[in-house]
Amino acid sequence: MTSMSDLEKYYNKFNEEKRLDSRHGKVEFSISMKYIHECINLCKSDKNCIVDNNEIKIIDVGAGTGRYSIALADEGYDVTAVELVKHNLGLLKAKNSTVKAYQGNALKLKRFDNQVFDITLLFGPMYHLFNVDDKVQALNEAKRITKHGGYILVAYVMNEYSIITYGFKERHIIESWKDNKISPDFHTHNLPSDLYDYVRVEDINEYNNLCGLKRYKILSPDGPANYIRPFLNKMSEDEFNLFIQYQLSVCERPDLLGAGAHIVDILKV
């Protein structure tokens, strides 16, 4: 895993709040929340999913500044947040929500007992884990703390987004090719110094198989949104709302998975 100091240096400069409040961030958030609510409703209606007093318990591992944690807590859910980076954790706590927030690492969630949570969000950690063993460990920890019948929602940043934007759009493709940072089939080779690890759907399938986790759904929450940021910003509210409606209608299409910046993989425990 990238050292905490590297991540802190990055997130101390990176305005996560601004990204999430941007239009491309709102696309990702709106669609991710739709599927979080779908999983919550499934837990409530599934007789095999143990829900204490009909109270859904959610944990947000890699919670950042609390975009999802606080929204869900404001809806009345029992929400716990775990965040590695102190700067982000401080911003989350300063919002004075009902979220129970702790500093912690996705690889070691020993603070929590087995089968505590109905919904586990893993929306940040996989971006910054650089080998299969670490990714599998994070998934296994999420599996351990999630109740049988519950759901784990895992976010990844996608390989093609890196190749198209950093490689071709920002014109680093030649240097990356010469430095052997790209395989012959254009899969990125990422190091902790790169901060982000980019994957393909077949990589995600491998992690799930190694953990014995079964997929409920897989989707692209943002689709082309990150590629067309200037055009999103110029849209009227009606046009933008239609774009969100469009992405909702196509986000599960297999022919579009992996082309966007992110994927959310939903796993049933």
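This is a predicted model: local features need pLDDT of at least 70, side-chain atom pairs count only at pLDDT 80 or more; totals for chains, interfaces and linings use all residues.

**First stop: the strands.** Select residues 78-83, which form strand β2, together with residues 100-103, which form strand β3; the two strands run parallel and are joined by four bridges. Within this pair, show V82 and look across to Y102 in β3, which stands opposite V82.

**Second stop: α3 and α4.** Select helix α3, residues 23-45, and helix α4, residues 67-74, whose axes lie 12 Å apart and pack at an angle of about 50°. Angles from 65 to 115 degrees would count as roughly perpendicular and those under 35 degrees as roughly parallel, and α3 and α4 are therefore oblique to each other. Their crossing is right-handed. To see the contact itself, display E28, F29, S32, M33, I36, H37 and I40 on the α3 side, and R67, Y68, A71 and L72 on the α4 side. Coloured by class, this contact of α3 with α4 shows seven nonpolar, two polar and two charged residues.

Which residues of α3 meet α11? Show R23, K26, V27, S30, I31 and K34 in α3, and you will find them meeting E237, F240, F243, I244, Q247 and L248 in α11. By class, the contact of α3 with α11 comprises six nonpolar, two polar and four charged residues.

**Last stop: α6 and α9.** Move to helix α6, residues 132-145, and helix α9, residues 201-211, where the axes are 9 Å apart and the packing angle is about 55°. Here too the result is an oblique arrangement, as α6 and α9 are therefore oblique to each other, and α6 passes α9 in a right-handed crossing. Select V132, K135, V136, L139, N140 and K143 from α6, and then E206, Y207, N208, L210 and C211 from α9, to bring up the residues through which these helices meet. In this contact of α6 with α9, six residues are nonpolar, two are polar and three are charged.

How values were computed:
Residues are numbered from 1 along each chain as its sequence is written. Side-chain values use heavy atoms; hydrogens and water are left out. Two strands pair if DSSP finds at least two bridges between them. Axes are lines fitted to C-alpha atoms, for helices over the stretch in contact, and angles run from 0 to 180 degrees between N-to-C directions. Angles under 35 degrees count as roughly parallel, over 145 as roughly antiparallel, 65 to 115 as roughly perpendicular and the rest as oblique. A crossing is left-handed if the near helix is turned anticlockwise from the far one by less than a right angle, and right-handed if clockwise. Contact means heavy atoms within 4.5 Å. Ala, Val, Leu, Ile, Met, Phe, Trp, Tyr, Cys and Pro count as nonpolar, Asp, Glu, Lys and Arg as charged, and the others, Gly among them, as polar.
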